[in-house]
Structure formats: structure tokens, C-alpha cells
Amino acid sequence: MQTTSSSSSSRSIHQREEKQDFSLIKNIFDDNSLTFAEKIISMKNVETHSKKCRPGDIVIVDVDLAMAQDSTGPLAIRSLNEMGIVSLHDPAKTLLVIDHTFPAADEKVANLHKLMREFALKHSCILVEGSISHQHILEYLAAPGMVILGADSHTCQAGCVGAFAAGIGSTEIAAVWATGQLWLRVPETIKIMLSGNFNKGVFARDLILHYIGEVGEDGANYKSLEWKFSNDNVKKQFSMDSRACISNASMECGAKISVFPVDEITRKYLHENLRISEDNSSGTNNMRTEIDIQAGDSAQYKDELEIQLDKIEPQVSGPDNVDKVHSIGELANLEIDQAFIGSSTNGRIEDLEVAAHILKGRKVHRNTRCVVTPASVKVYEEAIRRGYVEIYLESGAVFTNATCGACVGTHLGALGENEICISSSSRNFVGRMGALSSKVYLASPATVAASAIEGGIADPRRYFYSS
Amino acid sequence: MSQEEREQLQRQQSDGVTKGKAWLFGDNINTDIIIPFRFKSRTNDPYEMAKYAMYGYDPDFHKKITNGDVIVAGRNFGGGSSREQAPVALKYAGISAVIAQSFARIFYRNSFTIGLPALEISEIKGKVNQGDELSINISRFTVQNLRSGEIFQAHVVPKFMRDMLVEGGLVEYYKRHKQFPWRIHRRSLPIF
């Protein structure tokens, strides 16, 4: 359900190819002493391409894509109008997404959606409806080396393909729409080396919840996270869907950006999603070279740590704060009213596959309702194609359109007073999914699906050993 | 708070000094507490947003605020969502400044953007009681507790951020200068 008024998604990248003369940034691109964040900001600095930017520097950068969604876009439009700005710097880099309360749940929301549609039509910018912005950006727009800013904290998800992607507020997005630029402070970087093997029934979401539990809700505030793999065997365990989950959820410890190395998994994903040609590794044009952007080997990190995947158990976080992380055993059998699988954090096809694996041939517990929400139209279509939707419906679960609805308590799965929900969504804050007295626990889609069947918080591992 | 009262408070801030009594909060006051999604996503009117300021803490909080009151909080104030409606709701409910041991990144940026003074004072914990009268100097980025007399220096920010704040936020700044503040100060940026 994409209305693209003036540009196809691939065109904005082609424009970048034409614009940037790679020779100007080659020295920075090849510099081994820069972290990912330092390198991108140095390359995108509007003043000079010869200066190496370091943590703490404040730099004005060129922005490749600036997004707002239906709970932040109306305020951005209001600010732009109040400033009297009548034209956009580049409509092809201006993205409006109607995803949070889609389709409109009431008249007030409908009027704000209308405001966004009229703005998009007037300015010929990109308007997307019915896919969650972060997933749409991943599927159609993001590429390594881009600077992507969004009026949504989980914009950092696009770090999974090697983009510098960060959340900001509505009025600053309006400023980017007007000028194509914004100031950024160069962040310090934390390097996290991953090693070992995930145990059965343990997933990327468990890893990031584990990390947040260790460092706390502000443990990476203002920082860039760089995830690294100790060898190819580790790398293979991190599909693009898993990387997206981690980059997205890194917001919950305050990270400014959260990036993965650009490798063959990135290139395969971009190729399958029609953004680069098959033979891209030895290319000569600017886009191809930029695809291979990497942090320098001798970069200086604020902190370096290693996480052994084997040591991680299924994690459950909550209630009220994301850093209140427990191993599954501590909360086993806690009764639940709702199980929610979806959101930009865990609503991709890999997540729906795990949920289908567990729900297949089983019934959702009679005291529990189960809601499944895909992250995008593309994921929705794939779930139908693979037969997952039939599995959910037979199990007694509800399958909704792609939206942020339940995660933000606006529609399609809100909670009543004192209700308890286990959820694969992004946050468990007080009143996040509805009543102030309701409680939300966060977990992987596998843990949520197992809990839906058992009517209480359940260990998903048994569903993997027995099959 | 009415528009007239808001403008009066803004004039005081432009002069550099405001006074107000303190409301104490703990760590990790996130943006869902400051204004829940279902309220902020259904209006584009800042005075309507103000009715839900700190709803997650106390749905009637906005009625208890006296114009110019100050929020004093612990670590990581404003974590979570990027919603600019969070500082907007506080500002239009009559809060004249937020002081915290530390701020979440996006809330901090948004506060300057919309003209709500955000003062990071790492040693503030235990130095202010509920209801203490505080005097805040926006030009100097200092806070004085008028009960104890103690003066605290907040984390200093680049000049363009302070200019934006003193002039009432990015929109007001742009209306006056027809330029964004980081553009005007671009030559002097590296010194900060």
C-alpha cells in the first residue's frame, strides 16, 4: 500500500550516486582509525571531507532520508508551517509513514492522517501507509553509508544494514525537510563482540534483552553500538531479521545508533530486495564502493566487551522498565491475559515463522487472547504465502494488519485494568499498552507463542526439542 | 496555562531568570509516563497535550502545577520514545524547566528545540526537597535553591543551543532570524 508521488524507492539511491564524487571522501572511507559513527559523520560533513571527526565534535551533516510517522508527522508539519517554510529541500528524501494507528481508529486520528496525506500530495514527497516505517525503510530504502533520521526513536533499526540511523524530534525533522541537513554530535562507540552458538529456543531478542539488563536503560545513552562477529559461524546465526531486531531494540538502552558490519548477508539482503546488482563486491561506481563501508580496524572504542551466545537463556523483561530482565525460570507460570507477537522489534517473517512453528496444531489457552501483527505489508503477504495465517487462525489467535497499534496501546490489542500481557513489542513502560494498572512483559516471539498456549509465561525451549 | 500566561513566562525566560517550586521525581521517568501515546497521537494542539502532562505518574498532575514550577528528577529523564509532545506537554502545562541528573538523548534535544530549559546537574540528587523554591538563570545555566542558598552549575551546551532556548525554541528562532541556529554559528562550532 505505497503511494509514491514523485520517486521510486530506488531512485533516491541513484540520485546519491550522481551527486557524490567519491574521490572527495576516499581518504576518510579508507581510514582505519575511525569507528563507524566517526567515519560516516566525517564523510557527510557539509563543511569539509578532509577532517576526521571525533567523539564530542558537533558537525552539520547531509541527511539522505528524513522520516516522520503519524504520531510525529503532524507536529513536524505544524512546525514547518509556523516557520513559514513552503518548499522542501528534496521531496525524494522526505518520507511520511502512516503506521502507528493504521487504519485510523477514530475521527481525531483520521484528521491527522488526512493532514499528512494532503501534505504529501502538495509536496510530492514519499507517503507510505500500512507498513511500519522502520520495516519499510529496511525493505525499500536503507543502504550502507546512508544518514537516516526519523521522528521515531526506533529509527536506529536501519543500522542493521550499515546505515547511520537515529531518532530525533518532530521539529528537527521539519528542519531537515527544509534544508537536507542537521547538526549531530559524534558519539562514543561501544564494541560488542559476539561468539559461540545460540541454544535452541534462544534468539536475537533474548540477546539484546540480556545486554540491556546488564547495562541498564541508559547504559548506551548518546553512544553508538557496533556489533561484531568473532567468526563466520557466529555471523551465519544473524540473519537480517535478527540484526534488525537488535538494532531496533538497542534504543531501550539509549543507543544513538546500533550498527552491524556490512557483509555477504547484507549484500544478499540488498540484492534480494532489488537495491544492488548481484555482482556488487568489486564495483567501481560510488554506490558500490559505499556499500562496502566498514569501521576501521584500529578505531578507538569507549568500551569493548564480548557476549557468549551459549550462556544466554530465554529472557523476560518487566514490568515497567526494559532493563528489569529475568531469566525465564524466575517468572514461569505467571498468568497472562494477552500474548502479543509483532511490532517493529519482532514482527518480521523470521518471527512469524517461529510463532507458527509453536502454534501449529495447538490451541491458544482459553484464558488468553493472542494477537499476531506483521511489521509490513510484505511480511503480511509472505505469512499468507507460507500458510502461517491459517495456523494462527486455527490456533485461535487473531492476525491483524501491519501497524504499531498494540505496542503503543492505541488499537488492535490494548489492555484493560490490571491485565497482564507478554509481548514481543518494544517497550513495557507503565500504561504503554493501555490501562496504567496493566503490566507488560517483553520476550522473544517464541516465548510469547509458548506462553499463549500455556496461559502463563512459558519456556519455549521444550517446543524445539520435541519436534 | 493560558496563552497569555505562557507568553508572560516566555518573557521572563528571555530575561534570563525564572523562579518556581520543585516537583521531585526518581530515575527513568520515560516519555510514556510524561504523555501516553493514545493522548498525544490524537491532537496537534499543545494546550490539549498539556492536559496529559505526567499522566502516567498522576492523571491530575496538570491541575496541581503552578505556573513556573520546576521538575527535578534523577537519571535518564525522558527515555523511550522520540515524542516531542513530551517536553511540549510539560511546557504548556506550566513547567518552566526540567533539572535532572541526566537526560535521555532525544528528550534533551527536543527540550532545546521546543524551548523548555533542560538542565543536567549530576550532583542535584538529595539537594532539593519537594516544594523548594528554585531560581533558574538560563543565560548562565545555573540553578539556585532559595531554601538552602546553594548554587549549581548545569552542563554547559553549545551557544547555538542556548540561543535557541532563550528565544523560545527552534520555531521562534527561525521566525526571527529566517535561519537555523546551527547555520548561523557554523564557523564557531568546533570550539564547543
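## Two cis peptide bonds

A:Pro103 sits in the loop that links β4 (94-98) and α5 of chain A. (Helices, H or I and at least four residues long, and strands, E and at least two, are DSSP runs numbered from the N terminus.) A cis peptide bond connects A:Phe102 to A:Pro103, with omega at about -15°. A:Pro319 belongs to the loop between β13 (315-317) and β14 (325-327) of chain A. Most residues other than glycine have a negative phi, and most peptide bonds are trans.

What you are viewing is a predicted model, in which local features need pLDDT of at least 70 and side-chain atom pairs count only at pLDDT 80 or more, while totals for chains, interfaces and linings use all residues. Residues are numbered from 1 along each chain as its sequence is written, and chains are lettered from A and ligands numbered from 1 in the order in which they are written.

## Two asparagines with positive phi

Now look at A:Asn333, a residue other than glycine whose phi is positive, near 75°. You will find A:Asn333 in the loop between α13 (328-331) and β15 (338-342) of chain A. Is A:Asn333 buried or exposed? A:Asn333 is exposed, because 12 other C-beta atoms lie within 10 Å. (Buried takes 20 or more other C-beta atoms within 10 Å of the residue's own, exposed takes 12 or fewer, and partly exposed is in between; C-beta atoms are placed from the backbone.)

In chain B, B:Asn28 has a positive phi near 55°. B:Asn28 lies in the loop between β1 (17-24) and α2 (31-34) of chain B. B:Asn28 counts as buried because there are 23 C-beta neighbours inside 10 Å.

## A parallel sheet in chain A

Four strands of chain A make an open, parallel sheet, in the order β11-β10-β9-β12. (Strands pair if DSSP finds at least two bridges between them.) At the edges are β11 (257-259) and β12 (303-308) of chain A, each pairing on one side only. From one strand to the next, the twist averages 20°.

Strand β10 (residues 224-229) of chain A pairs with β11(A) in the parallel sense over three bridges. A:Glu226 has A:Val259 as its bridge partner in β11(A). Helix α3 (residues 36-44) of chain A lies across β9 (189-195), β10 and β11 of chain A, at about 120° to β10(A). (Axes are lines fitted to C-alpha atoms, for helices over the stretch in contact, and angles run from 0 to 180 degrees between N-to-C directions.)

The loop between β8 (181-185) and β9 of chain A holds A:Pro187. A:Pro187 is buried, because 25 other C-beta atoms lie within 10 Å. Leaving aside neighbours within four places in sequence, A:Pro187 is in contact with residues including A:Ala37, A:Tyr222 and A:Lys256. (Contact means that the C-beta atoms, placed from the backbone, lie within 7 Å.)

## Hairpins in chain B

Strands β5 (residues 133-137) and β6 (residues 142-145) of chain B pair antiparallel over four bridges. B:Ser135 stands opposite B:Gln144 in β6(B). β5(B) and β6(B) form a hairpin with four residues between them, and B:Phe141 in the turn has a positive phi of about 60°.

Three bridges also join β6(B) to strand β7 (residues 151-153) of chain B, again antiparallel. B:Gln144 has B:Ile151 as its bridge partner in β7(B). The hairpin of β6(B) and β7(B) has five residues between the strands, and in this hairpin B:Gly149 takes a positive phi near 85°.

## A covered helix

Helix α18 (residues 445-454) of chain A is mostly covered, with nine of its 10 residues buried. Among them are A:Pro445, A:Ala449 and A:Ile453. Just after α18(A) comes A:Gly455, with a positive phi of about 75°.

## Where the chains meet

The contact between the chains takes 44 residues from chain A and 41 residues from chain B. On the side of chain A that touches chain B, α4(A) gives the most, with six residues. For the complex, the predictor gives an ipTM of 0.93 and a pTM of 0.94.

How values were computed
Contact = placed C-beta atoms within 7 Å.
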